[in-house]
Amino acid sequence: MKKKFLTLALAVMLTVTACGGKDTTTSAESKEAQTEESAVSSEGEEADEPEEVDALTAAMENMSSVTNMEGQMVMEMDMEIAADGQSQPIVSVITMNMTVFDDPMKLKVEMNADMGEEGSVQESIYGEVTEDGTATIYIFDGEEWYSQVVGVADMMQYDAGNSMISLIDNESMYKLEGMEKVNGASAFKYACVTSGEEAKQQILSTGALDSLASLGFDLNQLETLWGDIGELTEYVWIDKASLYPVKYEVDRTQIMDALMSSMIASLGEQAEGLEMGVSKMKISMTCSNFNNAADFTIPEEAKAE
């Protein structure tokens, strides 16, 4: 049960974080795209009203020179499964602590999936890109190591820096809302509102639903049955002093609930009497230690597998 839920939750997380038409190819390609406009200064006195500073554009440019960093992504999902007159609530929190280096490309992820009464699952994930361009993921599930050669783009889903860039890559859609404290420091707060239909089409165009095909779902049916998901609002905070993106947050409850309903409907008679509802689906990410991340090596036992 725990393993199956973890697989589903991770697949869904990667699906819903694709909202906004984000490009998750490689960090190098993403960073090369950040070449317009000049960086602006963050100097100036604190004011009640936000300063006239294009901090978001400056942050995107600053990310182009980041060679290593740390980040944490948290996905909170509360859902209820009902079948044969009985229901079971599932409260889950998936936390991914990430460290990423660009040259050479390598990453480390410590993941914990806390599912309340169902228990928890931990995994250690390492990845590297060798000189010949081969990307390999090494995973320790608590009992044994296993590895897989993947595409570089697949490995980049664990890259905090690339994730942050891809999440806010269309800065023209973000509007400055004000100033807030993030970890005790002043930060510019930006918001981006996307209509449900726009978000749906952007997700479909990225191929994000492909991750659900391996779980036995008919993607054509999912696309047809996917209902209204309402407006989506994403927030990003840019540290005032450093002009780095330090926090991202979005509520995906509506889109997750609609997606789950379409998944059940697509199964037809196989899911007769089964209902799944999502009452909470929130994703947040924080980034830190830009160009000052703690270095690491991939365990020898991982490569010996």
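Student: Where is P104 found?

Tutor: P104 lies in the loop between strand 2 and strand 3. Strands here are DSSP runs of E, at least two residues, and helices are runs of H or I, at least four residues, both numbered from the N terminus. This is a predicted model, in which local features need pLDDT of at least 70, side-chain atom pairs count only at pLDDT 80 or more, and totals for chains, interfaces and linings use all residues. Residues are numbered from 1 along each chain as its sequence is written, and side-chain values use heavy atoms, with hydrogens and water left out.

Student: What makes the peptide bond between D103 and P104 cis?

Tutor: Its omega is about 0°. Most peptide bonds are trans.

Student: How do you know that strand 2 and strand 3 pair?

Tutor: Pairing needs at least two bridges found by DSSP. Strand 2 (residues 86-101) and strand 3 (residues 106-114) have 9, in the antiparallel sense. So they meet the definition of a pair.

Student: What is the bridge partner of V109 in strand 4?

Tutor: The partner is I125. Strand 3 and strand 4 (residues 120-129) also pair in the antiparallel sense, over 9 bridges. Their hairpin has 5 residues between the strands, and G116 there takes a positive phi near 60°.

Student: Why is L243 called buried?

Tutor: Buried means under 20% relative accessible area, exposed over 50%, and partly exposed in between, with a 1.4 Å probe and protein chains only. L243 has 4% relative accessibility, so it counts as buried. L243 sits in the loop between strand 9 (232-239) and strand 10 (245-251). Its phi is positive, about 55°, although it is not a glycine.

Student: Why is N291 called partly exposed?

Tutor: N291 has 34% relative accessibility, so it counts as partly exposed. N291 is in the loop between strand 11 (275-288) and helix 9 (300-303). Phi of N291 is positive too, near 60°, and N291 is not a glycine.

Student: Why does D78 have no salt bridge?

Tutor: A salt bridge needs a side-chain nitrogen of Lys or Arg within 4 Å of a carboxyl oxygen of Asp or Glu. For buried D78, the nearest side chain of opposite charge is K280, 4.8 Å away. Lys and Arg count as positive, Asp and Glu as negative; His and the chain ends are not counted.
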